[in-house]
Amino acid sequence: MQCAVSRHTLCLLLALQGCRGQIDDEADGVGGIGGGDGGGGGGGGGATKAAAPSCTLSAKGATYNLAGMKRDDHDYTGTTPGGYTYRFNVCGGTVKVCNSQAAPASKWRGTKCNNLGDMQTQEIGLVDAKDPGKGVKITYKDGDICKKQINGQMEISSRQINYEIECSGDDPAVLKHIDEVSMCEYTVTFASKYGCPVGSHRGRGWKFVILVLTSFFLYFAIGFGIKYQKYGMRGAEAVPNVDMWRQVPGLVKDGVSFTAGGAKVGYGVLNEKVFKGKLPNF
């Protein structure tokens, strides 16, 4: 096995890690985010079996369960202008395996790849320790060996990946952004309902209700303030569009009467035409 590097120690460490099938270390500006495709294997064949750690968290009185983000059919993927493809999975190894080693994430160029972390090093915490509602952060360390420059000196390190899973909506998981923090560290941002504390999830229906109620509050508050301050109105007269609101009870009554009358006529026709008068009369 040969490693084209300038230092004997570096070559020895890369040899221990396994240079074959790995891509060179170089800066990578991250570009678009794309859908995943399936495939088991690649970069060296079938995976070494490894059980994924538990994907739950209890913190600040809240409980999180991220297991619903795990994919068994295809990976989350992102591509870059530099020709790299990133593959991710949450709470498990990637579907397409790099260098015969199960890992939560990998970086590919053609058929060569690097694993970005080791599932057994998983650490789970909050994105913001002061606000449990913002989401959950997962960190995986001890990925493939990498080289980085620090103060002009070459240093050996291992790759690390961070998943920041924002609490958001009804979506199981949406890959939002990939950031290469350094030559050896990556941060991936997801939006997911699983980033919310268990029992706190509100769907789009609740969001619509909250939006409507907030809009009504602002409508009345701003309108009342304008009529109170600018026109000196007091009491009911300061309510915005007060004449319209005074008609609402009568309009509701008319609507109920119209609906009830229509339902009665429809019931009569149904009883006569379909049930031949067998239904009770009202």
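Predicted model: local features only at pLDDT ≥ 70, side-chain atom pairs only at ≥ 80, totals over all residues.

Reader: What makes Cys-55 and Cys-91 a disulfide?

Author: Their sulfur atoms sit 1.9 Å apart, and the cut-off is 2.5 Å, so the pair qualifies.

Reader: Why is the disulfide of Cys-55 and Cys-91 called left-handed?

Author: The torsion about its S-S bond is about -85 degrees, so left-handed is the label. By contrast, the link of Cys-98 and Cys-113 has 100 degrees about the S-S bond and is right-handed.

Reader: How do you know which parts of the chain Cys-55 and Cys-91 tie together?

Author: Look at where they lie: Cys-55 is in the loop between β1 and β2, and Cys-91 is in the loop between β5 and β6, so parts 36 residues apart in sequence get tied together.

Reader: Why does Cys-55 count as buried?

Author: Buried means under 20% relative accessible area. Cys-55 has 6% relative accessibility, so it counts as buried. Cys-91, at 7%, gets that label too.

Reader: And what makes Cys-98 and Cys-113 a disulfide?

Author: S to S is 2.2 Å, which is within 2.5 Å, so this pair passes. Cys-98 lies in the loop between β5 and β6 and Cys-113 in strand β7, so the link ties parts 15 residues apart in sequence.

Reader: How many disulfides does the rule give?

Author: The count comes to 4. With bonded cysteines counted along the chain, the pattern is 1-2, 3-4, 5-7, 6-8.

Key: Residues numbered from 1 in each chain as written. Heavy atoms only, no water. Helix = DSSP H or I, 4+ residues; strand = E, 2+ residues; numbered from the N terminus. Buried < 20%, exposed > 50% of the residue type's maximum accessible area, 1.4 Å probe, protein only.
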